[in-house]
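User: Could we go through this model together? I would like to start with charges and rings, then turn to aromatic pairs and cores.

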Amino acid sequence: METFGQAARRLRGGMSLREAARRAHLDSGHLSRVEADKRPPTPLIAQALDDVYEAGGELVSLVEAHGEPWELDHGIWRPKDSELLAAAVLTTTPTAENASTLAHQWLIAEPPQVTATRAGRRIGVAQVQEVEKRVHQLRKLDDYVGGQDTHAMVTAELAATTALLRDAAYTEEIGKRLLVAIGELAQVAGWVTSDAGHHAEAERYYLAGMRAAHAGGDVAGAANNLSSLAYQVANVGDAREAVTLAKSAYAGARSAATSTTKALLAERVAWAEAQVGDVTAAERALGTVEEQYEHRQPADDPIWVYWLDEGEIDIMAGRVWTQLQRPLRAVPILERATAGYSDETGRETALYMTWLAESLLQANEVERAAEAATRALRLSGKAGSSRVSERLRLLRAKLAKFPGVPEVDAFEGEASASA
C-alpha cells in the first residue's frame with residue numbers, strides 16, 4: 001500500500017519541493033521529512049498539499065484511512081508526539097466521555113502556532129484555518145469541562161496565537177483572520193477564566209478580545225466580548241454598569257449581527273436589567289430575544305452561537321424571573337427547560353438546577369427545592385466551576401432556614417460531607 005510520503009511525491013510530479021512548500025505555506029525541510037515518511041502528516045498539511053496538487057482529496061483520505069489514536073509509546077515522549085497529539089485533539093469531537101482526557105492532552109501538545117513562529121515562516125490559509133478550528137474545539141470542550149480545568153489550556157492557546165500574530169509573516173487578509181480568531185479566543189478565555197473565579201483577569205481578556213475583533217473587522221465578535229463582560233459585571237460588580245455595557249454591545253452590533261447573535265446579546269441585557277431589578281426593562285429584553293430568535297438564519301450565523309437554542313433561551317428567561325422573584329413565571333419555564341439537560345453536561349445542568357431550586361423555594365416548595373439542590377450538588381463534583389460552587393453556597397444558606405424537613409436535612413448532610 002502506498003504511504004502518504006510516496007503519494008505526496010507522486011502527486012508533486014515535476015514541481016520542486018521548495019516550490020510545493022512555498023505554495024502550501026510549509027517549511028521545506030518539514031515537507032521533505034513528511035515525504036520521506038519520517039514525520040507524520042497532519043490533516044491540515046494533507047489538505048494544503050491536496051489543494052496545491054489539485055489531488056481531489058486523495059492525500060486527506062490517506063491521513064483519515066491510516067490515522068491512529070494518539071498515545072504515548074510506553075510513556076516515553078518523542079519529538080513527533082506534539083504534532084500527533086495536536087492532530088488528534090483537533091480531529092476528535094469532545095463528548096462527555098472524552099472531554100477531560102482531551103483537555104489534559106491539549107495541555108501536553110505544543111500548539112502549532114509555536115512551531116510556525118519558531119520557524120519564522122510565512123503563514124497562510126492552512127495555518128489560519130487550523131487556529132480557527134482549535135478555537136472552536138476549545139469552545140466545545142467548555143461544554144463539558146469547567147473553567148477550573150480549561151483555564152490553563154485556553155490562556156496558553158491565546159498566548160501562542162497572539163505570538164503568531166506578532167512574530168510571523170502574513171498577508172493583510174491573513175492578519176485580519178488572525179485578529180478575528182484572537183478575538184474569539186479571548187472571549188473563550190474570558191469565559192473560562194470567569195468560570196474559574198478570576199474576574200479581573202477575565203475582564204482583561206474580554207477587553208483585549210473586543211479590540212482584536214474590532215481591528216479584524218468582526219463587529220459581532222467585538223460585541224460578544226463586551227456583552228460577555230457585561231454578564232460578568234452583572235454577576236459580581238455594579239449591575240447598573242452591566243446594563244450600560246450590555247446595551248452598548250447590542251446597539252453597536254445591531255446593524256452587523258445576525259438575528260441569533262442579537263438574541264444572545266439581548267439575553268445579556270435582560271440579565272443585567274434583572275440584576276438591577278427593573279421588571280419592565282427585563283421583560284422587554286426577553287421579548288427582543290424571542291423576536292430575534294424567531295427570525296434566525298442559521299446559515300448566516302457565526303460559529304460561536306451554535307449553543308444558543310430554545311432550551312438555553314428558556315433557561316435564561318427562567319433565571320431572569322427567578323432573579324426578579326416571580327416564581328409563578330420562573331418555575332414552569334425552568335422545570336420544562338431543565339428536563340432536557342442530562343448529567344453529561346455537568347456544569348450547565350448543575351447550574352441550572354440551582355436556579356430551579358431557588359425558584360421553587362420562592363414558591364414555598366421547600367421539599368422539591370431541596371431535591372433540585374441535591375441533584376445540583378451531586379453534579380458539582382465534576383463541574384469544575386466556581387459559579388456552581390457559589391450558587392450552591394447561596395442555596396445552602398437559604399435552605400438552612402428549614403431544618404427538620406427531611407429533604408433539606410438530606411441535602412445538608414451531603415453538602416457537609418462534600419465540603
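Analyst: A charge sits over a ring if NZ of Lys or CZ of Arg is within 6 Å of the ring centre and within 35 degrees of the ring normal. Please note that this is a predicted model.

User: Which ring does the charged end of Arg329 sit over?

Analyst: It is the ring of Trp321, with the charged end of Arg329 placed 4.3 Å from the ring centre. The charged end of Arg391 sits over the ring of Trp355, at 3.6 Å from its centre.

User: How many aromatic pairs are there in the whole structure?

Analyst: A search finds three aromatic pairs. In one of them, Trp191 and Tyr231, the ring centres are 5.6 Å apart and the planes stand at 25°, so the pair is stacked; the cut-off for stacking is under 30 degrees.

User: Where do Trp191 and Tyr231 lie?

Analyst: Trp191 belongs to helix 11 (residues 172-195) and Tyr231 to helix 13 (residues 219-236), so this pair ties together parts that are 40 residues apart in sequence.

User: And is Tyr231 stacked or tilted against Trp271?

Analyst: Tilted: the Tyr231 and Trp271 rings are 6.4 Å apart centre to centre, with 40° between the planes. Since Tyr231 is in helix 13 and Trp271 in helix 15 (residues 259-276), this pair also ties together parts that are 40 residues apart in sequence.

User: Are Tyr231 and Trp271 buried or exposed?

Analyst: Both Tyr231 and Trp271 are buried. Tyr231 has a relative accessibility of 7% and therefore counts as buried. Trp191, Tyr231, Trp271 and Trp355 form one aromatic cluster.

User: Turning to the cores, which residues touch the most other members of the largest nonpolar core?

Analyst: They are Trp271, Val320 and Leu399, in a core of 73 residues. At least three residues of this core come from each of domain 2 (71-243) and domain 3 (341-418). Another core, of 23 residues, lies apart from it and includes Ile123, Val154, Ile182 and Leu185.

User: What is Leu399 in contact with, beyond its neighbours within four places in sequence?

Analyst: Leu399 contacts Leu361, Ala370, Ala373, Val408 and Phe411.

Key. Residues are numbered from 1 along each chain as its sequence is written. This is a predicted model: local features need pLDDT of at least 70, side-chain atom pairs count only at pLDDT 80 or more; totals for chains, interfaces and linings use all residues. Side-chain values use heavy atoms; hydrogens and water are left out. Rings of Phe, Tyr and Trp (its six-membered ring) pair if their centres lie within 6.5 Å; planes under 30 degrees apart count as stacked, over 60 as edge-to-face and the rest as tilted. Helices (H or I, at least four residues) and strands (E, at least two) are DSSP runs, numbered from the N terminus. Buried means under 20% relative accessible area, exposed over 50%, partly exposed in between (1.4 Å probe, protein chains only). A nonpolar core is a set of buried Ala, Val, Leu, Ile, Met, Phe, Trp, Tyr and Cys residues joined through side-chain atoms within 4.5 Å. Domain bounds come from an automatic or database domain assignment. Contact means heavy atoms within 4.5 Å.
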